[in-house]
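Colleague: Could you walk me through this one, starting with the helix packing and then the charged pairs?

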Amino acid sequence: MQARMLGTKGPRVSAIGLGCMGMSDFYGPASEEEAVATIHRALDRGVTFLDTADIYGPFTNEELVGRALRGRRDGVVLATKFGNVRGADGAWLGINGRPEYVRQACDASLRRLGVDHIDLYYQHRVDRQVPIEETVGAMAELVRAGKVRALGLSEASPATIRRAHATHPIAALQTEYSLWTRDVEAEVLPTVRALGIAFVAYSPLGRGFLTGRFRGAGDFADGDARPKTHPRFQGENLAKNLALVERIGAVAKAKGATPGQIALAWLLAQGPDIVPIPGTTTRAHLDENIAAVDVKLDAADLARLDAAAPKGATAGERYPEGGMRSVNG
């Protein structure tokens, strides 16, 4: 496994991380036994970067990751997030970036994970009602207390990133980035590069769509939120986006790779400061994703992919209306 840096002073992590959200939430039922086995396989294969959040489950994903890491914590860069607030019943309760909540959320995550520190602690969404200096100031206190090693933001605007970084060094920005979500290339990516902040790409496989697994509504498991809540998986948008995936698939076939591997290889080729964190619930899909580090794309390959999935080609917003209001904060 190749390694990459999280920021100029952050920890070294595997070039591909593991997003753990789907093991507990949003994508339908998953086997906890297989999820733990998948995390263990990831560690055995050299994946050192695990990503979770307090709202996944809600709360249960941190507990699952904590159980999987018992006896294997050394060498793992463990990331979790706060800021999106959910009730125990799963209800969405808003965004909270108040300093007292930052401290409360961190202590709760440490308990659920069963660890004495979090390697990378993200603000999951920016609270527009609280100055970012106050939120990041409270996060910096956690660093000084030894509870957190490095700080991150998720779905923050360039202006917010600059203000946050001036308050305390930000190691990583986590935001959606893939062949069907390229809007960060305009301003966000240049901003973090100018500041020496790593870019962690979540949903690098387009919530699984770029793998070519989904052809229609009948391909989703019961309880899978994607066709119900994500516009890109619905109606005419779905049909248009299937054509995009077919074009990516043609490039993958020519390279002897899967569409998902090509999507990950494309992200890795965008720069050494980008770390994709594809999520999966099975060892088989994990192995497929890891193999993307061995897919080499030359200039002609990248040009074909740019033509297959140009900026703005994807049909539909990446979140429903309420979700879109919470990004670029």
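This is a predicted model: local features need pLDDT of at least 70, side-chain atom pairs count only at pLDDT 80 or more; totals for chains, interfaces and linings use all residues.

Colleague: At what angle do α2 and α3 pack, and how far apart are their axes?

Modeller: Helix α2, residues 60-69, packs on helix α3, residues 99-113, at an angle of about 45°, and the axes are 7 Å apart. That angle makes α2 oblique to α3.

Colleague: Which residues make the contact?

Modeller: From α2 there are Glu-62, Glu-63, Val-65 and Gly-66, and these meet Ser-109, Arg-112 and Leu-113 of α3. By type, the residues of this contact comprise two nonpolar, two polar and three charged.

Colleague: Switching to salt bridges, how many does the structure hold?

Modeller: There are 25 salt bridges in the structure. One of them pairs Asp-107 with Lys-147, at 2.8 Å from N to O.

Modeller: Arg-193 forms a salt bridge with Asp-273, with 2.7 Å between the closest N and O atoms. Because Arg-193 lies in helix α6 and Asp-273 in the loop between α9 and β12, the pair ties together parts that are 80 residues apart in sequence.

Colleague: Is Asp-273 buried or exposed?

Modeller: Asp-273 counts as buried, at 18% relative accessibility, whereas Arg-193 is partly exposed, with a relative accessible area of 36%.

Technical notes:
Residues are numbered from 1 along each chain as its sequence is written. Side-chain values use heavy atoms; hydrogens and water are left out. Axes are lines fitted to C-alpha atoms, for helices over the stretch in contact, and angles run from 0 to 180 degrees between N-to-C directions. Helices (H or I, at least four residues) and strands (E, at least two) are DSSP runs, numbered from the N terminus. Angles under 35 degrees count as roughly parallel, over 145 as roughly antiparallel, 65 to 115 as roughly perpendicular and the rest as oblique. Contact means heavy atoms within 4.5 Å. Ala, Val, Leu, Ile, Met, Phe, Trp, Tyr, Cys and Pro count as nonpolar, Asp, Glu, Lys and Arg as charged, and the others, Gly among them, as polar. A salt bridge is a side-chain nitrogen of Lys or Arg within 4 Å of a carboxyl oxygen of Asp or Glu. Buried means under 20% relative accessible area, exposed over 50%, partly exposed in between (1.4 Å probe, protein chains only).
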